[in-house]
Amino acid sequence: MSSDSAGQGPPSGRIAIVTGGGSGIGRAAALGLAEAGWNVAIAGRRLEPLTQTVALAAGEGRILPVVCDITDPASVEDLFRQTVQVFGRLDLLFNNAGTGAPPVPLEDLSLDQWRRVMDTNLTGAFLCTQAAIRVMKAQTPRGGRIINNGSISAHSPRPNSAPYTATKHAITGLTKSTALDGRRHDIACGQIDIGNAATEMTARMATGVPQADGQMKVEAMMDVGAVAKSILYMTSLPPDANALFLTVMATRMPFVGRG
């Protein structure tokens with residue numbers, strides 16, 4: 001499903017796909033890219049949040065909302081088909097869409113809860129990466145860039161977060177493999193690890209979140225715009241340069257250190 005905001009015929013400017021573009025980090029990234037002149041296809045399971053992102057857009061770029069379930073190969077194929085049909089090529093994939101499980105003890109998680117997080121965070125990113133490589137290696141000029149949302153959880157877990165943390169550690173492996181395998185096709189792949197960006201998902205941190213020592217503490221946050229700026233930096237690099245890993249986090253968040 002697409003929007004009239006996409007216009008007619010292939011536009012000028014670079015082309016991106018942002019998954020999870022209807023809220024939070026995905027919305028901030030899409031808006032930042034559009035403001036910088038990119039044309040952006042945003043993907044999500046529900047149309048309404050996507051159209052809200054379109055309504056917030058400013059700048060030179062255009063935003064195409066596409067309803068997509070990234071756990072469904074056919075839906076992913078349609079997302080990339082629509083993007084290329086409207087914009088003509090693909091220069092960037094931001095694998096951002098993700099979900100978590102209830103914060104319960106690991107032994108109390110159901111298999112369905114585990115699989116839901118694996119399917120969205122890992123398999124969804126894999127399917128989108130496959131589709132992006134197929135487009136990028138066949139287009140002229142050849143190549144492009146893939147950025148994966150890894151999270152601080154790709155380095156260190158929070159209590160009761162086994163499914164989410166496992167997928168984010170796996171994303172690091174996917175990033176490295178994609179960077180290696182994409183090299184021969186002029187496709188760069190990097191990872192942005194984000195800590196405590198202020199979004200709907202992290203709103204609970206304002207009232208306190210569990211710490212490794214069992215305490216509940218309020219944690220420092222940063223404006224989600226800092227994430228968009230970091231992604232723009234990664235995309236500003238020339239094709240022969242790649243930010244393989246970039247960490248952007250709230251300065252005072254309790255990540256570096258013991259305990």
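A search of the whole structure finds 1 cavity of 30 Å³ or more. A cavity here is a set of points on a 1 Å grid, over the protein atoms alone, where a 1.4 Å probe fits but cannot get out. Grid points are joined across faces, edges and corners, and a volume is the space filled by probe spheres set on the points. The model is predicted: local features need pLDDT of at least 70, side-chain atom pairs count only at pLDDT 80 or more, and totals for chains, interfaces and linings use all residues. Residues are numbered from 1 along each chain as its sequence is written, and side-chain values use heavy atoms, with hydrogens and water left out.

The largest cavity has a volume of about 60 Å³. Its lining residues, those with an atom within 4 Å of a point, include Thr19, Ile70, Asn95, Asn96, Asn149 and Lys168. Helix H4 (111-138) and helix H5 (162-182) each supply at least two residues of this lining. Helices (H or I, at least four residues) and strands (E, at least two) are DSSP runs, numbered from the N terminus. The largest share of the cavity lining, 4 residues, comes from H4. By class, the cavity lining divides into 4 nonpolar, 7 polar and 1 charged. In this scheme Ala, Val, Leu, Ile, Met, Phe, Trp, Tyr, Cys and Pro count as nonpolar, Asp, Glu, Lys and Arg as charged, and the others, Gly among them, as polar.

Now turn to an open space. A pocket is an open set of points with protein on both sides within 12 Å along at least five of seven lines. The second largest pocket holds about 440 Å³ of space. It is lined by 23 residues, and the closest to its centre are Gly144, Arg145, Asp186, Ala188 and Pro239. Strand E5 (144-149) and strand E6 (187-195) are the elements that give two or more residues to this lining. E6 provides the largest share, 3 residues. The pocket lining has 11 nonpolar, 4 polar and 8 charged residues.

Asp186 counts as partly exposed because its relative accessible area is 45%. The cut-offs are these: buried means under 20% relative accessible area, exposed over 50%, partly exposed in between (1.4 Å probe, protein chains only).

Next come the cores. In soluble globular proteins, nonpolar side chains tend to be buried together. A nonpolar core is a set of buried Ala, Val, Leu, Ile, Met, Phe, Trp, Tyr and Cys residues joined through side-chain atoms within 4.5 Å. The largest one has 31 residues, of which Val40, Phe94, Ile192, Ile194 and Val227 touch the most other members. Among the elements that each supply at least two residues of this core are strand E1 (15-19), strand E4 (92-95) and helix H6 (225-236). H1 gives the most, with 7 residues. A second, separate core of 27 residues includes Ile17, Val66, Ile70 and Ala132.

Ser151 sits in the loop between E5 and H5. Its relative accessibility is 8%, so Ser151 counts as buried. Phi of Ser151 is near 80°, a positive value in a residue other than glycine.

Which residues of helix H2 (residues 47-56) are buried? They are Pro49, Leu50 and Thr53. Seen down the axis of H2, the buried residues fall within an arc of 100°, so they line one face of the helix. That arc is of the directions from the helix axis to the C-beta atoms. These residues pack against helix H1 (24-35), strand E2 (39-44) and strand E3 (63-67). On the other side of H2, Glu48 and Ala55 are exposed.

Two more sites close the tour. The peptide bond from Thr140 to Pro141 is cis, with omega near -5°. Pro141 lies in the loop between H4 and E5. Thr165 belongs to helix H5, and Thr165 is buried, with a relative accessible area of 9%. Not counting residues up to four places away in sequence, Thr165 touches Ser153, Pro157 and Arg158.

Methods. Contact means heavy atoms within 4.5 Å.
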